[in-house]
Amino acid sequence: MASGLRYPGKVVIVTGATRGIGEGIVREFVFQGAKVVFCAPECEEKQGKAIEQELHDCGAAGEAHFQICDVRCEEAIQNLVAVTIEYYGCLDCLVNNVGVHPPYKTIDDFTAQEFRDIMEINTVSYFLASKYALPYLRKTKGNIVNISSIVNIIGDKLSLTYAATKGAVTAMTKALAIDESKHCVRVNCISPANIWTPLWGRLASETPDPAATIQQGKDAQLLGRMGTPAEIAKAALYLAADATFCTGFDLVLSGGAELGYGHKSPFTSGCDSKN
């Protein structure tokens with residue numbers, strides 16, 4: 001296109017967007033000309049406003065507007081969409097990115113309430129944001145990009161509740177893609193492997209040997225490193241701007257983490273064929 005921009009003038013909502021993958025997505029879309037409303041809880045307001053100001057001051061082709069939103073609250077999500085429409089009059093893309101990862105532990109140590117809490121953030125918020133964004137996305141024949149995880153395919157040890165939420169996100173993506181095809185709204189998701197983010201760093205810091213944990217995280221990929229938020233952001237932009245024949249698609253950004261055999265027997269206690 002003449003401008004050289006890949007998403008000029010498009011209006012985008014990004015949830016959970018003041019750090020890590022979400023921040024990377026905001027920056028990529030704004031640099032490509034989009035008008036992005038991004039959100040986080042009130043405790044992240046300072047960081048959100050700083051990102052908004054930085055993108056304004058650097059002369060990016062698009063623009064960013066930070067909005068406080070607790071995605072556990074249905075009314076707050078409704079307000080997020082309403083503010084976006086008030087600012088820009090339409091909506092072209094929703095990126096559901098918000099997510100948390102609990103401490104690593106077995107099912108014995110998780111409570112039912114902990115499971116409900118993570119479902120509320122990682123899955124129900126995607127449902128609600130999609131529900132309230134879709135009346136506007138249908139008008140523009142827009143699209144939804146959901147951030148899932150490779151654990152929805154391969155599972156992960158001591159991460160039962162997190163894996164369950166991401167499995168639900170991917171399944172929801174495919175089901176919604178079917179329903180919304182009649183409105184020409186595309187719905188896709190991205191399943192990253194290990195991406196170096198503040199969340200990854202925090203989880204590593206809670207282990208007995210953070211340096212060893214980080215190295216294991218790198219070694220899990222055939223490419224021998226973790227991915228970056230910028231790489232996920234480019235994938236999200238591809239799905240939003242270029243992948244016009246993709247819907248119900250799970251784009252696996254894994255560095256090859258799911259390929260090949262691994263040493264798994266240490267996780268068992270010598271199960272025989274009768275078990």
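A129 touches I77, L94 and N96, leaving aside residues up to four places away in sequence. Keep in mind that this is a predicted model. A129 sits in helix α4. Is A129 buried or exposed? A129 is buried, with a relative accessible area of 4%. One distance to note here: A129 and V98 are 31 residues apart in sequence, and their C-alpha atoms are 11 Å apart in space.

Let's take the pairs in turn. Begin with β2, residues 35–40. Six bridges join β2 to β3, and the two run parallel. Within that pair, C39 stands opposite Q67 of β3.

Next, β1, residues 11–14. Three bridges join β1 to β4, again in parallel. Here I13 stands opposite L94 of β4.

On to β4 and β5. Four bridges join them, and they run parallel. C93 stands opposite N143 of β5. How does the chain get from β4 to β5? It crosses through α4, and this β-α-β crossover is right-handed.

Stay with β4 for a moment. In a regular strand, side chains alternate between the two faces of the sheet. Which residues of β4 lie on which side? C93 and V95 are on one side, L94 and N96 on the other. All four are buried, so both faces of β4 are covered.

What packs on the sheet there?

Now the helix neighbours of α4. Two packed helices are described by the angle between their axes and the distance between the axes. Take α6 to begin with, residues 160–180. The axes of α4 and α6 come within 9 Å and cross at roughly 20 degrees. Angles under 35 degrees count as roughly parallel, so α4 is roughly parallel to α6. Their crossing is right-handed. Which residues make the contact? From α4, they include F115, I118, M119, Y126, F127 and L134. From α6, they include Y162, A164, V169, M172 and L176. R138 of α4 and E180 of α6 are also among the contact residues.

The other neighbour is α3, residues 74–88. α3 and α4 pack at an angle of about 35 degrees, with their axes 9 Å apart. This crossing is right-handed too. On the α3 side, the contact is made by E74, I77, Q78, V81 and I85. On the α4 side, it is made by S125, L128, A129, Y132, A133 and Y136. So here is A129 again, in a list that also holds I77.

First stop, Q221. Where is Q221? Q221 lies in the loop between α8 (210–219) and α9 (229–242). Although in a loop, Q221 is buried, at 5% relative accessible area. Leaving out residues up to four places away in sequence, Q221 touches A193, N194, M226, S254, G255 and A257.

The other two stops are about backbone angles. Most residues other than glycine have a negative phi, and most peptide bonds are trans. L158 has a positive phi, near 60 degrees, and is not a glycine. L158 is in the loop between α5 (151–154) and α6. At 38% relative accessibility, L158 is partly exposed.

What is the phi of C184? About 60 degrees, a positive value, though C184 is not a glycine. C184 lies in the loop between α6 and β6 (186–192). With a relative accessible area of 43%, C184 is partly exposed.

Terms used. Residues numbered from 1 in each chain as written. Predicted model: local features only at pLDDT ≥ 70, side-chain atom pairs only at ≥ 80, totals over all residues. Heavy atoms only, no water. Pairing = 2+ DSSP bridges. Buried < 20%, exposed > 50% of the residue type's maximum accessible area, 1.4 Å probe, protein only. Right-handed = clockwise from strand over helix to strand, strands pointing away. Axes fitted to C-alpha atoms, helices over the stretch in contact; angles between N-to-C directions. Parallel < 35°, antiparallel > 145°, perpendicular 65-115°, else oblique. Left-handed = near helix turned anticlockwise from the far one by under 90°. Contact = heavy atoms within 4.5 Å.
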